[in-house]
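Welcome! Here is a short tour of one protein chain, meant to be read with the picture open beside it. Take a moment to look around before reading on.

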Amino acid sequence: MTGGWEDATDAAEVHALLEACDAHQADATGTPRPVRRRETTAALVEGRHVRLLREDGRAVGMFTLTTRPRAEEPPGQPHADRPAYLSRLAVAPAHLAAGSLVGVRCVREAIRLAGSLGADAVRAEANPDIRGTRALLASLGFEQCGPVHSDETGRRHVYLSKSLDVRK
């Protein structure tokens, strides 16, 4: 039996977990699924930006953590000299349905990893209609920065930030 954290190496496995989580969340909330590109997943895995949590040899949770923003910083974010960017948080649907702590473990690992990289803040984006994710992020110190945004597909999102104590 294998378990614990690892750098993801199989882009197909990562993409399948991401899409399964997206489908579960979309069905549960009636919201549109985000568009995911396999080539983006492959590049993130190749760049060693994807952390994967295994239980009994199976991928049960994952996230991406980078130190480069995907685009221009949105307005309303608190100042940070060295932010890290949490994205693509995903939990296997069976674990979501069971109310497991896999999501908490993923976000805690992302915060720990960001700190080890010297980040002074963690930025994230979340769908405000997925209340469980929003509550999880808030419970771990993430604060919403600015209003709810919508795109042309009807996908809604908010920007979140968590300051890290860099005085260690």
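Aspartate 22 touches Arg33, Pro34 and Arg36, if we leave aside its neighbours within four places in sequence. Keep in mind that this is a predicted model, so every contact described here belongs to that prediction.

**Aspartate 22**

- You can find aspartate 22 in helix 1, which covers residues 11-29.
- Is aspartate 22 buried or exposed? Its relative accessible area is 9%, so aspartate 22 counts as buried, the cut-off being under 20%.

**Arginine 54**

- Arginine 54 sits in strand 2, made up of residues 50-55.
- Arginine 54 is buried because its relative accessible area is 14%, and buried means under 20%.
- Which side chain does the side chain of arginine 54 join in a polar contact of 2.8 Å? The partner is glutamate 13.
- The side chain of arginine 54 also reaches a backbone atom: the oxygen of glycine 57, at 3.1 Å.

**Leucine 52**

- Strand 2 is also the place of leucine 52.
- Leucine 52 has 0% relative accessibility, so this residue is buried.
- Setting aside neighbours within four places in sequence, leucine 52 has contacts with several residues, including Gly4, Trp5, Glu6, Ala8 and Leu17. Its contacts also include Ala59, Gly61 and Met62.
- Glu13 is another contact of leucine 52. The two residues are 39 residues apart in sequence, while their C-alpha atoms lie 9.9 Å apart in space.

**The whole chain**

- How many helices and strands does the chain have? There are five helices and eight strands.
- A compact globule of 168 residues would have a radius of gyration near 15 Å, and the chain agrees because its own value is 15 Å.
- Along the principal axes, the C-alpha atoms fill a box of roughly 40 × 40 × 30 Å.
- Among contacts with a separation of 6 or more, 69% are between residues 24 or more positions apart.

- Of the 168 residues, 42% are buried.
- The chain exposes about 9300 Å², and carbon and sulfur atoms supply 49% of that area.

Definitions and conventions. Residues are numbered from 1 along each chain as its sequence is written. This is a predicted model: local features need pLDDT of at least 70, side-chain atom pairs count only at pLDDT 80 or more; totals for chains, interfaces and linings use all residues. Side-chain values use heavy atoms; hydrogens and water are left out. Helices (H or I, at least four residues) and strands (E, at least two) are DSSP runs, numbered from the N terminus. The radius of gyration is taken over C-alpha atoms; the globule rule is 2.2 Å times the number of residues to the power 0.38. Buried means under 20% relative accessible area, exposed over 50%, partly exposed in between (1.4 Å probe, protein chains only). Contact means heavy atoms within 4.5 Å. Accessible areas come from the Shrake-Rupley method with a 1.4 Å probe; for residues, only the protein chains shown count as cover. A polar contact is a pair of N or O atoms within 3.5 Å; within protein, one must be able to donate a hydrogen and the other to accept it, and residues adjacent in sequence count only if both atoms are side-chain atoms.
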